[in-house]
Amino acid sequence: MAPSLIRSPVQLPPAEALATSQQAPVVLQSSPSTVSSSALGSLFSATEKPELWIQYENLILSCLRTGDDRAAQECHNRLVARFGNNDRVKALGGLIKEAQAQNNGELEKILKEYDQMLDENNTNLPIMKRRIALLRSMGRLSDAASALVQLLDFSPTDSEAWSELSDLYFSQGLYPQAIYAMEEVLILAPNAWNVHARLGELQYMAAAASGATSGSYQKQMAEAIKRFSRSIELCDDYLRGYYGLKLVTKRLLKDNTKPAKQTDDEDFSLPDPKTIERLNELATSKLAEIVRHSSAQDHGWRGYDAAEVAAARELLSEDAPSGIER
Amino acid sequence: MMLISKSITAFGSLLLAHACYSAREHSTLQSFRAATSAALTSTPAAATSLPIDIAIETVVAILVILVGLVLGTSSLRPIQWREWAGKIEREGEDGFKDNNGEVNRDYMGNPFDFIEGRPNFVDIRKQRREFTEWVKSQGEQQK
Amino acid sequence: MPSQQELDLQISPLVQESLVHNSRTLHNLQSLTASLFGVGAGILGLESYSGFFFYLLFSLVTTLLVYALRIAPTSISSSPSAATAAKGGVLSRYFRSPFDFWTAGLTNGLAGFILTWTLFYGLVRA
């Protein structure tokens, strides 16, 4: 079944993106090419639904990804016909141009256009975001970072931008900065379980990068445990959270480090080995349950991503070479 | 589920309509008889009582419709955050279908997905490259 | 210093959309069935207190049916975490307070009930 067009297609795996973009002709044909926005016109023509515009936006994204430029252009034309050239539609137009650009010269030209638009109105968020994404795509990471910081300066409640900043720092290996930016996201969305898990992953990678001997290792591992635990607390049977928890506890058990000095850093010291052991057992049993139900396609267990389940199975089989295949 | 609920409701409505019609007929008959017998005697008060079978039919009809309507309500959603989130993760779209088997219109998946997906920052050229590589690898696999 | 209840809500928050969805579902059902009860009461020719008693009785039956057909089955079939059911019954999975669930129906549909009650009383007895 093709995924719903209401949801953002950015994170979909390629096969599903293809399925989404193949829906484009159907959607384009079944909905009218122009929708009147005047009150009188709407009496006679088809009624407009807000979902339709979201669908168009998502179609543009997935069609560009799969190389169906014609359909993307058609979707964009309809958006222009309805909304005129507002900021968001302009940004989508820029996106289409970016996708079709052949060489660096053309990209530079698009970048100049963005700059020009920002000169007219320097709080144009969608265009600003596109500009940052383009800078990053061209490899000018430090420019992108400074532009992003500037954006966050006047729009500090933009969780998406904070998350982008975190990812940008992460790609450069600047773990503390990435963690800081992710924490900002958490302030804006304290109940987002995936953000908690993401932060846990960042902490874990930071700890792994600094190595077991460094002083901050234990603290970061302890924090990773806390983040993963919170993500599980916010979401029952959260595969990603249990996966991370298992990863962290397994590594800690393998290190066999004692919680050396519990004096410094009052609340971010490691729990004692027994607790870690129990957390590990819990995560293992939960993961096994999820993998079992999900591979059996039990009713009510079909929401998991196949790749994630496969990864969990691999992790489990590393752990115990026999007996997991049930 | 929807079909069962609808047919039960339809059957109940039929019963109710029949009961209503019977009651109406009964009361006109009664008043007619009362009018004619009023000439003889002067006690029309007994005319208001309804035959027991019509009363039973009415109550049964209401109960049948009730069952049909209750079966037809959209399923409730958990209000505890972790249960709700767990449902999204575990069941995906399956958990949010209405009785017709269509996914509810206000179902968004994880509402915080956009924080990680960042659709406004998407690097479309990279995605395109990755997609063409994926297509190539698919083609090689099929050979 | 936040109270204990606020802290609890911070730790395990509630989903507003689901709350609204659930109470709206219940509300829709109750206003629909209330007018149905009015039809019944009109056909039966009930008057004064017995009519209201009829309404009370059937509203209770409605909520009981909802509980039996829609809520209770979910606790058996799709609840891998038995801990939640033990904590406050199945009802607390879907509604904030059991009291609301059992009594909200009485006020929701009263107007509709009286409307159809008088209408059908008049139609049948005319």
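Modeller: Chain B has 5 helices and 0 strands, where helices (H or I, at least four residues) and strands (E, at least two) are DSSP runs, numbered from the N terminus. Read from the N terminus, its elements run α-α-α-α-α. This is a predicted model, in which local features need pLDDT of at least 70, side-chain atom pairs count only at pLDDT 80 or more, and totals for chains, interfaces and linings use all residues. Residues are numbered from 1 along each chain as its sequence is written, while chains are lettered from A and ligands numbered from 1 in the order in which they are written.

On confidence, chain B has a mean pLDDT of 79, and 80% of its residues reach 70 or more; pLDDT is the predictor's confidence in each residue, from 0 to 100. Among the elements of chain B, helix α2 (residues 52-72) of chain B has the highest mean pLDDT, 90, and helix α4 (residues 113-117) of chain B the lowest, 79. Over residues 43-47 of chain B the pLDDT is below 50, and this stretch has 5 contacts in the model beyond near neighbours in sequence. Two residues are in contact if their C-beta atoms, placed from the backbone, lie within 7 Å.

Within chain B, of the contacts with a separation of 6 or more, 71% join residues 24 or more positions apart. Of its 143 residues, 28% count as buried (20 or more other C-beta atoms within 10 Å of the residue's own; exposed means 12 or fewer, partly exposed in between, with C-beta atoms placed from the backbone).

Now the contact with chain A: 46 residues come from chain A and 37 residues from chain B. On the side of chain A that touches chain B, the elements that give two or more residues are α1 (14-21), α4 (50-66), α6 (87-100), α8 (125-137), α10 (159-171), α12 (193-210) and α13 (216-234) of chain A. The largest share of that side, 6 residues, comes from α8(A). By type, the residues of the side of chain A that touches chain B are 21 nonpolar, 12 polar and 13 charged. Here Ala, Val, Leu, Ile, Met, Phe, Trp, Tyr, Cys and Pro count as nonpolar, Asp, Glu, Lys and Arg as charged, and the others, Gly among them, as polar.
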